[in-house]
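Have the sequence and the 3D view side by side. We will walk from a loop to a helix pair and then to the cores.

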Amino acid sequence: MSPRILPAITLVASVAFAESGPPPWSERYDLPPPMPIPEGNEPTPARIELGRALFLFFDPRLSGPDWISCASCHNPALGWSDGLPVAFGTRPGEPPRATPTLFNVGYATVLMWDGRRRDLEHEALTSRNFEVADVVRRVAAIEGYAPLFEAAYPGEGITRQTIAKAIAAFERSIVSHDTPFDRWQRGEADAVSAAAKRGFALFRGKANCDACHHGYNFTDDGFHNIGLITPERFPQDPGRGKWVPIASQAGAFRTPTLREIGRTAPYMHNGIYATLEEVVEHYDRGGDVHPPRHPNIRPLGLTDREKADLLAFLHSLTTPDHEPFSLPNLPR
């Protein structure tokens, strides 16, 4: 939510459309772009169902310690995250970070808070569950998996690659697309409140959140240092700077999606904020840490009503009464 100088005509248009209906730039938000999918792993029902059932998600019989699955950290009941400030089980020497949501992860052009994974297949292959030496043998030992793999990846067999591809195919099916905001953008004038409409104008205007959180997925997939304090109990985290060692990337982290944001607390890469109110206050005061904070992060001067309107808009990006996620029948 960094400030940016916008032409006066844009700000006027924002206010004019705030109370009446979808603004003229709605095409940036109402339709999803094509999802990037690597060749050879086009989504099919068989691939999605296999990934849904696999041990990395819902079958801890096959994970390393025989008690943890990917769903332990990416819990569908907790917004496909874990509800914790930072993920448990951080490796020695690694800075603790929050578990990112899987909502709309298929649209991401880079993965992880520091962008070190190129795609979902790569991320699955490099997860700690794949460190189990006999991971393929464990999967193959459960007879019920063989026909699922054959239906999903005919002739490819059960390999590390097909396991990773199936998991990635399932992850790409976790999509947020029917929030109140989406319905408003599709023409339902009453789908969001007047406060949320004013908040959207602020989002694109005075608060200028869409400098980083723009488009259908509300992210630029870029990396920014937003002036976050590092808790005393945590080591300093270089973020993207570890992989791109230039000044502008020191302490910079990937812009997360805002979709389903009401379900994915705590917030920020280190889980420092428990509520969206705290997030808005952070940006309103212009962050807390200065160099190497991005120069566009500076005080906004939002009024109490503007903060409330902005929060109303952010909550409109969360699907009310989200459909419960049902567990698959695991192979035996």
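Start at Pro34, which sits in the loop between α1 (8–18) and α2. Helices here are DSSP runs (H or I, at least four residues), numbered from the N terminus. This is a predicted model, in which local features need pLDDT of at least 70, side-chain atom pairs count only at pLDDT 80 or more, and totals for chains, interfaces and linings use all residues. Residues are numbered from 1 along each chain as its sequence is written, and side-chain values use heavy atoms, without hydrogens and water.

Pro34 counts as exposed because its relative accessibility is 75%. The cut-offs are under 20% relative accessible area for buried, over 50% for exposed, and partly exposed in between (1.4 Å probe, protein chains only). The C-alpha atoms of Pro34 and Gly106 are 9.9 Å apart, though 72 residues separate them along the chain.

Now follow the chain into α2. Helix α2 (residues 45–53) packs against helix α6 (residues 145–152) at about 145°, with the axes 8 Å apart. Such axes are lines fitted to C-alpha atoms over the stretch in contact, and angles run from 0 to 180 degrees between N-to-C directions. From α2, Ala46, Arg47, Leu50 and Ala53 meet Tyr145, Leu148, Phe149, Ala151 and Ala152 of α6. Contact means heavy atoms within 4.5 Å.

Which residues touch the most other members of the largest nonpolar core? They are Phe181, Phe203, Phe218, Met268, Phe313 and Leu314, out of 30 residues. A nonpolar core is a set of buried Ala, Val, Leu, Ile, Met, Phe, Trp, Tyr and Cys residues joined through side-chain atoms within 4.5 Å. A second, separate core has 15 residues, including Phe149.

Terms used: Helices (H or I, at least four residues) and strands (E, at least two) are DSSP runs, numbered from the N terminus.
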